[in-house]
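Hi,

Here is the structure I said I would pass on.

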Amino acid sequence: MNRDGHMTRLTFSLDVSRCSGCMACVVACMDQNDPPEGILGFRSVERIEMGAYPHVRISFVSISCFNCENPPCIMVCPTGAIRRSGNNGIVQTVTDLCIGCHACLMACPFGSPVFGGAGTMTKCNSCEERVDQGLEPACVRVCPTRALRFGPAARAALETPGETG
Amino acid sequence: MPTKPILSPINVLKGKIPDEKSGIEVRKTICSICNPISHCGIDAYVKDGVVIKVEGTRENPHNAGTLCSKGAANRQYIYHPDRIMTPLIKKGDRNSGQFEPISWEEALDIIGERLLRMRDESGPESVVFYAGFPKWMRPFLKRLAHSFGSPNYCSESSTCSAGALLASKLNYGAAARPELPKCRCLLVWSTNPFYSNTSAVRKLLDVMEKGIKVIEVGPLITPLTSHADIHLRIRPGTSGALALGMACVIIEEGLHDQEFVEKWTVGFDEYRAYTGEFTLARTSEITGVPSDLIVKAARLYATTKPAGVLNGPNATVHHTNGVQNHRAITALIGLTGNFDREGGNYLVPPSYLYVVNGLTTRQQAFEQSRPWDEMPPRVGEDLYPVWCRLIPEAQAIHLPFQIRSGKPYPIRAVMGFGMNHRMWPGSDHMRESLKMLDFLVDVDLFMTDTARLADLVLPACTSFERSELKFYPEQHVIWTGPVIEPLGESRPDADIIFDMAARLAPEDPLLKKGYKECVDWILKPTGLKVDDLKRYPSGYTLKDIPMPPYRKYEGRGFDTPSGKMEFTSTVLEEAGIDPLPRFKEPGLSPWSTPEVAGEFPLILTTGARLPIYVHSRTFRLPWIRRLRPDPMVDMNPVDAQHRDLSPGDWVELSTQRGKVRVRANLTEIVPPGTVNIFHNYPGADINKLIEPDYLDPISGYPGFKSLLCEIRKAS
């Protein structure tokens, strides 16, 4: 909670100009979360190509759950299996309540929900256990260009990425 | 007070939080999956003697807490089921690929006995010592080879950065790197540090965001391209022509450093006359780069002082005219007066294992335990005398030819560390050559296709399981300790080398003292000692290291025969080679071999890095492999359309030498007419499609980056 008693929403920010598509975030997510068979982890990197030779621009985006302000997945979930956690607004799944209907995946603009062998939804939880200890998510820690950041949503939009300690 | 989350109670082990409750301890080591310029600091999260997570070491100034995708996958590297657990000896037929375990003592005794017998029968030069990746054991292996009496220590450097070093030595007597962040303009020539040297790009991006001018040269679009002011998309293999064309603009417009050129160079008149042949129209026609961009780049580089040239370790020299092309590129540094100047290409000799940081060690003196003139000629010395004059090792690319010919003397045994026959052009030719040896030993982590050819296979361990010395460019130094016990009976390469030395060179006064004492000997000029470094588990950042002055040539000249920068190389002239940095078309190109291009119209360039792979080293890791499961060729959508191909189609990529089956990755990363493929795929080995003698005549380097192919939809 912040001083006004409102929930401080934590989210990821990405400086697309610094993202090189190196996939370190994708693999660090696997190393942190040990994804079960059939799941590639909770983060993906996409290459976006615009134009054609000789006028081309190629960029990369690293995507996972952004803990949306008004998460469409929560709105569409028929069983209430997706909720926000109390102290930091991280969007969470209650696996026991999930019926595997995929409605969340249809609603999510980032394609974040993944469905493993059991058929139930699982997704990035922003490494909540680490965040609770004051650590950054594994994908943010690993990012070799400092393109990926994590923090309060209001600050994320303003923050200048780049060299930090 | 923050409230605890209600939905998922903290599961300390799930979050892998290191503390007493979880029993997870953080131990410090380094990653050695990629090249020694990187080797990032690692925080290994260890529970019950097992690594359960890795993270970059925050206090290591090189990676500052970050890692690349390969480094993040270290757990699957360490604990891969293909790890070799015991020494193994070939069972039954040599070609069976079947092994049985053997004890270390037996294995080392067999090696000692066989190699000593060969030395008696055929001379020490009949035994070759080879080092692949990683490079940490090289000083010890090279010393062992020479103390044994063999001149034939060779390494993966026979296709790596030594070719560019050779070219720079011909011009300047040394290679100098751009002094970032002081450069105001950076000419980046055919390198993608985002994928090959990931730990360095954080700082490069910071510099670029402050407004440094960037000119990128290279056929491919890289993550650097969007930051570059100018991108010159050359046809592969035409670097030399572009550099000469740029020089022509610079000289004609009087933008060169006339004082430096007059006082400190030889051969300028011949060079100037030769660059005159590279008019804008001709240079543009050869390279495919529009004339206006060539002029713009030449002016920007020549007039923005200081400016640095950043080249890759080998993309410019993996051509059949590689050394001369690279000489033409680096000639621009002296031409514009940027050699050994502040913020230009600053000359600092490497300290230890290729790292430049101002320190001086005795690595070279340690390695060369016997002078060259007391040993027979090296493998490749007759064909590549310039290589052997300037690079202190044998030319490994020539090895299969000498194994087959027995000329000028027979090669009977190879003692390889991390050897991969797929490094060689015509990799099947190398593979068959290795089978002709009397004795092949491979030391490796995994049972690789090359290890399967060996008579004896010895299990090495990873950087997490050993102790080693590591310098960083940031003047940081670390002596690592093992963070876990070696798996099975695997051992550090250095321990294996010192045990071999006890059998093969027992009289060597340094090797018989042991590993740590040898490292102390190498370190002596630095004042550092292994025992002192042990007190700093995550390493120690040295303070006040005096850096060498700029313009050192003013005091002692250049380390070339003339004592000056050589536009016309004395060493090449003495070897009967054209002393000018003359441009030649690639051995296979639409211009040099139009008859071949009729059937194989696409330009094939191979081996550019992907972020998740470094050579063959991470192919087998499931986390990594899932990100790109099939071998793929990058192809422009225009070329795909002409061949009726859709994204992801299986295609047949063929050259005159053979074909591989891969998938089409349709992308603007490559320009129309050029296709690009990663090397070393076990099921689609592109080096099989390149002739074993498709080589640069000066360095012996393979022309991996410019040849011809065709692509068709696979049936």
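**Where chain B meets chain A**

A:Asp34 and B:Arg75 join their side chains in a salt bridge, 2.9 Å from N to O. (A salt bridge here is a side-chain nitrogen of Lys or Arg within 4 Å of a carboxyl oxygen of Asp or Glu.) Across the interface of chain B and chain A, the rule finds nine salt bridges.

Before going on, a word on the ground rules. This is a predicted model, where local features need pLDDT of at least 70 and side-chain atom pairs count only at pLDDT 80 or more, while totals for chains, interfaces and linings use all residues; side-chain values use heavy atoms, leaving out hydrogens and water. Residues are numbered from 1 along each chain as its sequence is written, and chains are lettered from A and ligands numbered from 1 in the order in which they are written.

Back to the interface: 56 residues of chain B are in contact (heavy atoms within 4.5 Å) with 51 residues of chain A. The size of an interface is often given as the accessible area lost when the parts come together. For chain B and chain A, the buried area (accessible area, 1.4 Å probe, that two parts lose on being put together, summed over both) is about 4,500 Å², and carbon and sulfur atoms give 54% of that.

**Inside chain B**

An automatic or database domain assignment sets the domain bounds. Chain B is split into domain 1 (12-78), domain 2 (88-159 + 358-460 + 487-523), domain 3 (162-351) and domain 4 (594-713).

How far apart do the C-alpha centres of domain 1 and domain 4 of chain B lie? They are 34 Å apart. Even so, ten residues of domain 1 of chain B are in contact with ten residues of domain 4 of chain B. Between these two domains of chain B about 970 Å² is buried, with 59% from carbon and sulfur atoms. On the domain 1 side, B:Lys70, B:Gln76 and B:Tyr77 lose the most area to domain 4 of chain B, together 54% of what that side buries. The count of salt bridges between domain 1 and domain 4 of chain B is zero.

**One residue to look up**

Is B:Asn197 buried or exposed? B:Asn197 counts as buried because its relative accessibility is 18% (buried means under 20% relative accessible area, exposed over 50%, partly exposed in between, with a 1.4 Å probe and protein chains only). Leaving aside neighbours within four places in sequence, B:Asn197 is in contact with B:Asn35, B:Ile37 and B:Ser38.

Cheers
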